[in-house]
Amino acid sequence: MRILTDVLAVLSDRARTDGHRLVLVGPRLTPAQYQRVNEVLEAVGGRWTKTEGAHLFPVHAAEVLAPVLTTGEVVTLGEKRTLAQYFPTPDSVVGRLIALADLEPGMTVLEPSAGSGAIATAAAARGAIVDCIERDPGYATVLSDAHVARRVQVADFLTIPVEPRFDRVLMNPPFTRGTDMAHVTHALRFLKPNGLLVSVMSWTVTEQTGGTTAFRKLVEQRGGLVEALPARAFSQSGTTVDTVLVTIPATRPADSQPTIWPVRNLPTQDVEELGNLADIAAEIVANLRKAVAAVEEVAAALTKPAPITVPGDIEVS
Ligand SMILES: C[S@@+](CC[C@H](N)C(=O)[O-])C[C@H]1O[C@@H](n2cnc3c(N)ncnc32)[C@H](O)[C@@H]1O
């Protein structure tokens with residue numbers, strides 16, 4: 001996005017940086033102006049922090065501000081969401097994903113679409129040794145500076161040569177046009193023979209379509225588990241897409257059960273609609289009864305002796 005001149009003027013004349021902090025000095029901005037300035041600061045990793053009275057950055061604020069002022073361009077979070085499919089995993093989902101992963105300290109973990117590290121950070125906090133891949137250099141920098149990962153590689157994961165050396169793969173890949181299935185299928189090849197992959201995926205994978213057949217077969221052959229996440233689990237990250245957590249072992253366990261694909265629960269409004277459907281059904285039955293009665297009436301009339309028509313158009317009963 002091209003940054004508007006008034007926003008650039010505020011950032012160049014009124015932004016004071018001090019380490020990770022950025023403060024806007026001078027007269028109060030109008031709400032609309034503040035919103036535009038804030039959008040730029042958030043796009044480069046800043047977050048307004050009331051207790052600090054400042055925007056805080058994961059890296060030195062001056063470093064991220066300099067290219068913004070030089071180029072007058074920024075990729076906003078909205079643009080990133082659309083282009084890069086950046087939807088950070090909320091804490092509740094990360095917690096469930098980590099629980100399914102059965103992590104132990106010292107395990108090696110690959111996060112192949114790591115973003116700014118929601119999953120990687122939680123895995124590292126449990127003592128795992130985490131290697132990350134992220135295509136967006138901005139998120140990769142944030143992640144690198146957080147020092148939670150052993151290695152952060154800026155790359156397109158789908159082009160990374162396979163190396164089966166990880167105990168776990170934990171991921172929330174991009175979803176557009178089935179890319180989650182491509183990412184998970186590629187990621188499975190990075191597991192050791194006794195490894196386990198847990199991924200957030202689009203609800204689409206639970207549906208039987210031509211595009212999901214091969215992937216569903218793979219999950220079933222490995223004895224994978226599929227768990228529905230609550231509706232709108234990612235709303236705080238900017239998407240209402242329905243999601244599942246898919247757990248796939250590198251090798252099918254001897255005691256594995258058949259995969260059960262979750263079915264979508266009808267939301268309340270649909271239940272109300274079902275109530276209306278019952279009314280409609282009752283009306284149909286009533287109409288059918290009326291129709292049957294009408295048919296019976298016609299049948300009774302037909303059993304009466306038929307009138308005889310004789311030449312001369314005289315009707316005789
Ligand atoms: C849904 S976000 C998840 C971010 C992070 N895993 C989390 O859970 O918070 C998907 C991430 O994948 C990255 N990404 C998209 N395509 C990629 C690719 N081909 N290789 C590596 N990363 C990719 C995006 O930049 C984005 O950060």
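Contact means that heavy atoms lie within 4.5 Å. Helices (H or I, at least four residues) and strands (E, at least two) are DSSP runs, numbered from the N terminus. The model is predicted: local features need pLDDT of at least 70, side-chain atom pairs count only at pLDDT 80 or more, and totals for chains, interfaces and linings use all residues. Residues are numbered from 1 along each chain as its sequence is written, and side-chain values use heavy atoms, with hydrogens and water left out.

Start with helix H7, residues 137-146. Its buried residues (under 20% relative accessible area, 1.4 Å probe, protein chains only) are Tyr139, Ala140 and Leu143. These residues are on the same side of H7 because they cover an arc of only 100 degrees around the axis, taken from the directions from the helix axis to the C-beta atoms. They pack against helix H4 (77-84), helix H6 (118-125), strand E6 (129-134) and strand E7 (151-154).

Next come the ends of H7. Just after the helix, His147 has a positive phi of about 55 degrees.

Now turn to the ligand. There are 24 residues around the ligand, each with a heavy atom within 4 Å of it. Thr89, Glu111, Ser113, Glu134 and Asp156 come nearest. An N or O atom in the side chain of Thr89 is 2.2 Å from an oxygen atom of the ligand. A nitrogen atom of the ligand lies 2.8 Å from a polar side-chain atom of Asp156. The protein covers 98% of the 590 Å² of accessible area (Shrake-Rupley method, 1.4 Å probe) that the ligand has on its own.

Terms used
Buried means under 20% relative accessible area, exposed over 50%, partly exposed in between (1.4 Å probe, protein chains only). A polar contact is a pair of N or O atoms within 3.5 Å; within protein, one must be able to donate a hydrogen and the other to accept it, and residues adjacent in sequence count only if both atoms are side-chain atoms.
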